[in-house]
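The following exercises concern a predicted model.

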Amino acid sequence: MRARSIVVTSGKGGVGKTTTTANVGAALAMQGERVVVIDTDVGLRNLDVVMGLEGRVVYDLIDVFEGRCQLEQAMIRDKRVDNFFLVAASQTRDKSALNEGRMQAIVAELLERGFHRILIDSPAGIESGFQTAASGAQGALIVVNPEVSSIRDADRIIGLLEARGIREMSLIINRMRPAMVKRRDMLDIDDIIEVLRIKLVGVIPEDEEIIISTNIGSPLALDKGGKKTAGQAFINIAKRLRGEDIPYMKLDGGGFFKRIFGGA
Amino acid sequence: MFGFGKRRKRSKDTLKERLIVVLKSDRAKLSPAQMEEFKRDLAAVVDRYFPNRDRQIDVEVEHRDDRVVLTANLPVEM
């Protein structure tokens, strides 16, 4: 993906935007990029806890917007990997504090300072929070679950992003359950691409390890062992965003995960 | 229609059909009922010129940026 500022969005809540932002951001940093992740879910912030950085938030995005601190004071450095920073959302303010012009100014400043990639974690919905998050982005990662409400909402979001002039959009399918796909009780990858008509960049299996890693505040993609299937899937997404050609394997019965997430 | 043999239709096939219908209607910003009405009206016009037309009619209306794109598939027999 050529875009350096990327909004992570979905329309529907609870599909895995925040987990995706934390893990793709971490994987990009592990691969040598200078990365900032920004939480724009004002009033319902969670990226800080998913990343395990909640104890270090002093200033937040709204403090920067309203001039109470400099941008670098709100940038929390993740000590587990070089060049990985979080800007937290405000938990106490409401969405009225958001401002598209200021969002764009912050992204421009970060890009000017030489950060390679800015990931903007969008709130659910299609209201001002989403619009503010999208206003700072050149590209988008659309996160969906293989079920009807998530796909319908994603289609709506894709239309809204197109209307904003965002051309570069890639799809992440999260919580895929291959056993259900195999018995044709869950949409497969090709079905979802066909319906939504955007380019795929990754498939994340339903994996207990995601819940465990979130419980302890340590994104799977930071795990240097890289044995966990979902963690490897996020690492693969980061590689594809960086232009590497990581092949997708076709769904093929029981070997699906091993083939998609293991070897490739 | 669903693969070979006598494989029975599974829930994902139903979901996919439903999604295709609902997304067409969402993208058109027309309700499913309005969409059907539009198809009927369109068919009536086309029938005046191509009376032997196949009944199957497929219409998509999409809003892209500031343009509205209408795509209709109306098989006719000459």
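**Exercise 1.** Which residues does A:Asp41 touch, not counting residues up to four places away in sequence?

*Solution.* Begin by placing the residue: A:Asp41 lies in the loop between strand E2 (35–39) and helix H2 (47–51) of chain A. Next, apply the contact criterion, heavy atoms within 4.5 Å. With residues up to four places away in sequence left out, A:Asp41 touches A:Ala89, A:Ser90, A:Lys95, A:Asp121 and A:Pro123. Finally, consider accessibility: the relative accessible area of A:Asp41 is 16%. Buried means under 20%, so A:Asp41 is classed as buried.

**Exercise 2.** How many aromatic pairs does a search of the whole structure find, and over which chains? Determine also the geometry and surroundings of what is found.

*Solution.* The search, run over all chains, returns one aromatic pair. Its members are A:Phe85 and A:Phe115, with ring centres 5.6 Å apart and planes at 85°. Planes over 60 degrees apart count as edge-to-face, and the pair of A:Phe85 and A:Phe115 is therefore edge-to-face.

The second step is to locate the two residues. A:Phe85 belongs to strand E4 (residues 84–87) of chain A, whereas A:Phe115 is in the loop between helix H4 (100–112) and strand E5 (117–121) of chain A. The two are 30 residues apart, and the pair thus links distant parts of the chain.

The third step concerns accessibility. A:Phe85 counts as buried at 13% relative accessibility, and A:Phe115 is buried with a relative accessible area of 3%.

**Exercise 3.** At what angle do helix H6 (residues 148–163) and helix H8 (residues 189–196) of chain A pack, and how far apart are their axes?

*Solution.* The packing angle of H6(A) and H8(A) is about 40°, and their axes are 10 Å apart. From this angle it follows that the two helices, H6(A) and H8(A), are oblique to each other. The crossing of H6(A) past H8(A) is right-handed. On the H6(A) side, the contact is made by A:Ile151, A:Ala154, A:Asp155 and A:Ile158; on the H8(A) side, by A:Ile192, A:Val195 and A:Leu196.

**Exercise 4.** How many helices and strands does chain B have? Describe their order and the burial of the chain.

*Solution.* Chain B has two helices and two strands. Read from the N terminus, the elements of chain B follow the order α-α-β-β. Chain B has 78 residues, of which 26% count as buried. Among contacts in chain B between residues at least 6 apart in sequence, 35% join residues at least 24 apart.

How values were computed: Residues numbered from 1 in each chain as written. Chains lettered and ligands numbered in written order. Predicted model: local features only at pLDDT ≥ 70, side-chain atom pairs only at ≥ 80, totals over all residues. Heavy atoms only, no water. Phe/Tyr/Trp six-rings, centres within 6.5 Å; stacked < 30°, edge-to-face > 60°. Helix = DSSP H or I, 4+ residues; strand = E, 2+ residues; numbered from the N terminus. Buried < 20%, exposed > 50% of the residue type's maximum accessible area, 1.4 Å probe, protein only. Axes fitted to C-alpha atoms, helices over the stretch in contact; angles between N-to-C directions. Parallel < 35°, antiparallel > 145°, perpendicular 65-115°, else oblique. Left-handed = near helix turned anticlockwise from the far one by under 90°.
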